[in-house]
Structure formats: C-alpha cells, structure tokens
Amino acid sequence: MVIGFIGAGRTGCTIGKYLSGHTAIAGYYSRTRQSADDAAAFTQSKAFYSLEALIDSCDTVFITTPDRAISEVWECIRHYNLKDKIICHFSGSLSSGIFSGIERTGASCCSVHPMYASSNKYTSYLQFNEACLSIEGQDFAVHKMKEIFGEELHHKVFTINPCDKAKYHAAAVFASNYVTGMLHIAVRLLKECGFEERDALGLVSSVVTGNINSVLERGTVDALTGPIERNDISTVQGHLDVLGDKDICKIYKDIGKVLVSIAEEKNTGTDYAGLKDVLS
C-alpha cells in the first residue's frame, strides 16, 4: 500500500507520521505549498503541487481535510484515473456516501474515524497507537483499512452503519469537546473565587482524572457521586443561588437532570422528586 494525503493539517500529519514507520507514504498535497512542504518534511515523504500527480503516485488516497472541504476535493479528483484505488476520508460525522458516483471510477471508498483528539500537528502521533477506530464503506476498502489498522497495527476497529455517523460523532463531541466546555466553566468559577488559572487547573486535576478513570473502569452509573447522587437538595439549591450567570445555571440544571436519571438507575429506592423540582 502506498498512501497519498490530501490535507496537511493535524489529522494528516498525525496519521501520516504514525503510519510512516509501517507503510509507504507517497506524500502530501495541500492548498498551500508551505503546508505540503512541512508535512512532507515531517514524514520524510514528498510534497505534491498537483492533485493528479499525487493520485498517480499512490494506490490509496487519504483525504484529511476539514469536513467542509471533502466534497469539494472529491469533485476535483473523481475525474482522474482512480481505477483500483482506495479513497478514504477521516471525518467523524460524514459517511462514505459523500463519494457519489465512485462506482463509475473503478475505485473503492470508505470512511475511517479515529476516536482520538489530534491536538498537536507534530506530537499527537506519539499516542495514536491507543486510538480506537470506526470504519464504514465498500467491502474492499473496509477490508484493507481493517488489515492495516486492525491486523498489522493492532487497533480496536469497529464497523459502523453509515446512517449513524452524525449520532456517532455527536457522542464523540460530548466525550471530548463538551468535557472541555464543562472544565472551562469550572475554571471560570474558581477564577471568580480568586484562583489563578494554573492553580484552578491543578485544583481540579485529581478529581477530573479520578472521575474519568472511574467511569472507564466501572461505567457511568456505578461511577456517579456528588450531591445529586446523594439527593442533597440543599447543596444543589446553594449552587444555583450563587452561580449568577443564567446560561451557566441552565447548563447546571440541564446536566443535573441527566445526572438525576443516572442516580435513579443507581439508587432505585430513592425518591428524587424534590431534586427534580429544584432543577426544573
């Protein structure tokens, strides 16, 4: 397998660098020459300044652009000779159905999504071996991706229904970006108490890591703790009294209602009606 990358951002560089020790990387095409040059240098591959030249140099094309550009890229490359090639994108929310008319090109397509946050263009590849991946698409392309990521590199690889991609991606966002949003609120509240941001982050670090580890080991129901799980109405009301910001209060209540439903599952004999009233 020889892989060419269209897109030289965080995802492209992370996957390219990670795979460079296991398979041949032809190189990168990007909207800007500098990005292609940088990615090629980073992966010890070649920078391409023509889409057709990149496609001619590989048997597998990884489209690692932002989601909004995938359709545009496909419209650009579908008219080249794609016979017997694999075309793959890495969007979490879009399915392989975006490659409309691919059956007329003789190529095979799929989408691969690593459940992994590539936060740094040049270092995220170091922990990529821990990523789980979800795949869907045409049989040949899916088989080849499972072969390299699952059999050769020993990732956990799951097959997903294309119609579930948006819901799947929403789950990933809740588990990643929305957690960041919750922590941003926590740090903001601590800063209002007089803490510096660095100290606030240090203060919450143990409870964050402890809670995440507990959830991963025991599941969300058994891991739930805190005032809502204890049915501590006065503490919850006290929180709402001091939060002030109506948007943060709404978030607190909305998440609180989810926590009540978890608490009811954990503590089947407890009446949470009073707490529900406070959170309504």
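In which handedness of crossing does H7 pass H8? The structure is a predicted model, in which local features need pLDDT of at least 70, side-chain atom pairs count only at pLDDT 80 or more, and totals for chains, interfaces and linings use all residues. Residues are numbered from 1 along each chain as its sequence is written, and side-chain values use heavy atoms, with hydrogens and water left out.

The protein contains twelve helices and eight strands; helices (H or I, at least four residues) and strands (E, at least two) are DSSP runs, numbered from the N terminus. Along the principal axes, its C-alpha atoms fill a box of roughly 70 × 40 × 30 Å. Of the 280 residues, 40% are buried, where buried means under 20% relative accessible area, exposed over 50%, and partly exposed in between, with a 1.4 Å probe and protein chains only. Contact is taken as heavy atoms within 4.5 Å. Among contacts between residues at least 6 apart in sequence, 57% join residues at least 24 apart.

The strands can be followed next. Eight of them form an open sheet with mixed pairing, in the order E3-E2-E1-E4-E5-E6-E7-E8. Strand E3 (46-48) and strand E8 (157-159) stand at the edges with a single partner strand each, so one side of each has no neighbour in the sheet. On average, neighbouring strands of this sheet are turned by 25° against each other, direction ignored. Helix H1 (residues 10-19) packs on the sheet, where it touches strand E1 (2-6), strand E2 (24-29), E4 and E6, and its direction makes about 160° with that of E2. For such values, axes are lines fitted to C-alpha atoms, for helices over the stretch in contact, and angles run from 0 to 180 degrees between N-to-C directions.

Pairing within the sheet requires that DSSP finds at least two bridges between two strands. Strand E4 (residues 60-63) pairs with E5 in the parallel sense over four bridges, and threonine 60 has isoleucine 86 of E5 as its bridge partner. Strand E5 (residues 86-89) is in turn joined to E6 by four bridges, and these two strands run parallel. On the next step, E6 and strand E7 (residues 132-137) pair in the antiparallel sense over six bridges, with methionine 115 opposite cysteine 132 in E7. Seven of the eight residues of strand E6 (residues 108-115) are buried, so this strand is largely enclosed by the rest of the structure.

The loops around the strands also hold points of interest. Glycine 92 lies in the loop between E5 and E6 and is buried, with a relative accessible area of 3%. Not counting residues up to four places away in sequence, glycine 92 touches His113, Lys165, Tyr168 and His169. Two other loop residues are exposed. Glutamine 44, in the loop between helix H2 (33-43) and E3, has 74% relative accessibility and counts as exposed. Histidine 154, in the loop between helix H5 (139-152) and E8, also counts as exposed, at 65% relative accessibility. Most residues other than glycine have a negative phi. In glutamine 44, however, phi is positive, near 55°, and in histidine 154 phi is positive too, near 65°.

Attention now turns to the helix pairs. Helix H7 (residues 177-192) and helix H8 (residues 197-218) pack at an angle of about 130°, with their axes 9 Å apart. That makes H7 oblique to H8, given that angles under 35 degrees count as roughly parallel, over 145 as roughly antiparallel, 65 to 115 as roughly perpendicular and the rest as oblique. As for the opening question, H7 passes H8 in a right-handed crossing; a crossing is right-handed if the near helix is turned clockwise from the far one by less than a right angle, and left-handed if anticlockwise. The residues in contact include Leu183 and Val187 of H7 and Ala200 and Leu201 of H8.

Helices H10 (residues 233-243) and H11 (residues 246-266) have axes that come within 9 Å and cross at roughly 160°. That makes H10 roughly antiparallel to H11, and their crossing is right-handed. Here Val236, His239, Leu240 and Leu243 in H10 meet Ile248, Cys249, Tyr252 and Lys253 in H11.
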